[in-house]
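Hi,

Here is the structure I promised to pass on. Please open it first; my notes follow below.

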Number of protein chains: 2
Amino acid sequence: MRGNLIIISAPSGTGKTTILKRLFTLVKGVTFSVSHTTRSPRSGEQHGVDYYFVDQQTFLGMRTGNEFLEWAEVHGNYYGTSRAEVNRHLARGLDVLLDIDVQGARQVRQTAGGDCFSIFIAPPSWEELTLRLTGRGTDSPETIRLRLDNAIKEMQDAGLYDYLIVNDTVDQAVDTLRSIIIAQRCRARRNSDGLPLLLPDCEHRPL
Amino acid sequence: MRGNLIIISAPSGTGKTTILKRLFTLVKGVTFSVSHTTRSPRSGEQHGVDYYFVDQQTFLGMRTGNEFLEWAEVHGNYYGTSRAEVNRHLARGLDVLLDIDVQGARQVRQTAGGDCFSIFIAPPSWEELTLRLTGRGTDSPETIRLRLDNAIKEMQDAGLYDYLIVNDTVDQAVDTLRSIIIAQRCRARRNSDGLPLLLPDCEHRPL
């Protein structure tokens, strides 16, 4: 059976990275899609593992050819999620997680249509988000303010997502995310393929 | 937050009773609705616990008053799920499980509209279902044949359900059922109530 395409977005500081790391230890059959980018590899980054590193001409050609589910330009570099890369995993029956922001999510909803579902992870409160961002101790007040402004903007898109997880505790958030992925695997629409297998089987067997 | 109304159907011999018993040990905030019936209480059955035992006049009056989400006549007795009983639990934030057959499920989908979701539990195969029904050792071949005929008919409604669980192993089926219930609790539509609480909060806090 074909895998599911799963969009996950969360404002910076929500704890998404921790949640996703834990998720991968709990659920089989889930993978990330490797993005394309025009930025240069950093030390230790591998082509095909961290990113597909391509030149600008290649990227723009792919973009013109409608080969991206979503793409963005950040600080002069292009980033994109290749349709072919995602389809390759889905066809193998793997669920593909797209860890993208609200703009990327809007694009994928348009390009993938109903063939995906989306999850928004929200911080439990403004105080908690502020605490988590300042608590890192690595960012300037200006950067923190920018992230908080961004968080407010992103929260306004939360209603467009199919599921909302409030990250009160990591354990609960991970369990909820796992539950959503498992539940989506048995949506009847996806499973209806399996029924004809069972039904004719039933009809032709003697007691 | 208001609870979810959850329809669960399964052909006889699918293992639904075992699955539901285990579910209740794993998930909080879920309850069964107590049905109304015109049949006489059996030894040990309590009014308001096992059933609401009512006379035929009361039942038919409630039916005329559109007070049932679904009702059926079985062997000359009436059985029904009262709307008020269900709403009382939902209003308290409890998820309400309706353990009903495919006919009942069709009725509830009509009367409750989009305000419910449904789960069909299927046996892994025809052989397995036959084994489970004959293995009980309590039923005549005629009864078993009747149950198998019924199972085939019920399986044809499986595509109308939102979720399909194939009961390969009880552990997995219980985990999947639990996952569906948890996932449905964070459908964005249900949670959108919570967002305005978070958003204005965000907008009025200084850094």
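In chain B, helix α5(B) meets helix α6(B) through B:Leu129, B:Thr130, B:Leu133 and B:Thr134 on one side and B:Ile144, B:Arg147, B:Leu148 and B:Ala151 on the other. By class, that contact holds 5 nonpolar, 2 polar and 1 charged residues. The helices span residues 126-135 (α5) and 141-155 (α6). Their axes come within 10 Å and cross at roughly 145°. The crossing is right-handed. Bear in mind that this is a predicted model.

Next, the sheet. Chain B has an open sheet of 5 strands, paired in parallel, in the order β2-β7-β1-β8-β9. β2 (30-32) and β9 (163-166) of chain B stand at the edges with a single partner strand each, so one side of each has no neighbour in the sheet. On average, neighbouring strands of this sheet are turned by 25° against each other, direction ignored. β2(B) pairs with β7 (residues 95-99) of chain B over 3 bridges, in the parallel sense. There, B:Val30 stands opposite B:Asp95.

Helix α4 (residues 102-112) of chain B lies across β1 (5-9), β7 and β8 (117-122) of chain B. α4 runs at about 160° to β1(B).

Last, the core. Which residues touch the most other members of the largest nonpolar core? They are A:Ile6, A:Ile119, B:Ile6 and B:Ile119, out of 92 residues. Beyond its neighbours within four places in sequence, B:Ile6 is in contact with residues including B:Asp95, B:Val96, B:Leu97, B:Phe117 and B:Ile119.

Best wishes

Note on methods: Residues numbered from 1 in each chain as written. Chains lettered and ligands numbered in written order. Predicted model: local features only at pLDDT ≥ 70, side-chain atom pairs only at ≥ 80, totals over all residues. Pairing = 2+ DSSP bridges. Helix = DSSP H or I, 4+ residues; strand = E, 2+ residues; numbered from the N terminus. Axes fitted to C-alpha atoms, helices over the stretch in contact; angles between N-to-C directions. Contact = placed C-beta atoms within 7 Å. Core = buried A, V, L, I, M, F, W, Y, C linked by C-beta atoms within 7 Å. Buried ≥ 20, exposed ≤ 12 C-beta atoms within 10 Å, placed from the backbone. Left-handed = near helix turned anticlockwise from the far one by under 90°. Nonpolar A, V, L, I, M, F, W, Y, C, P; charged D, E, K, R; others polar.
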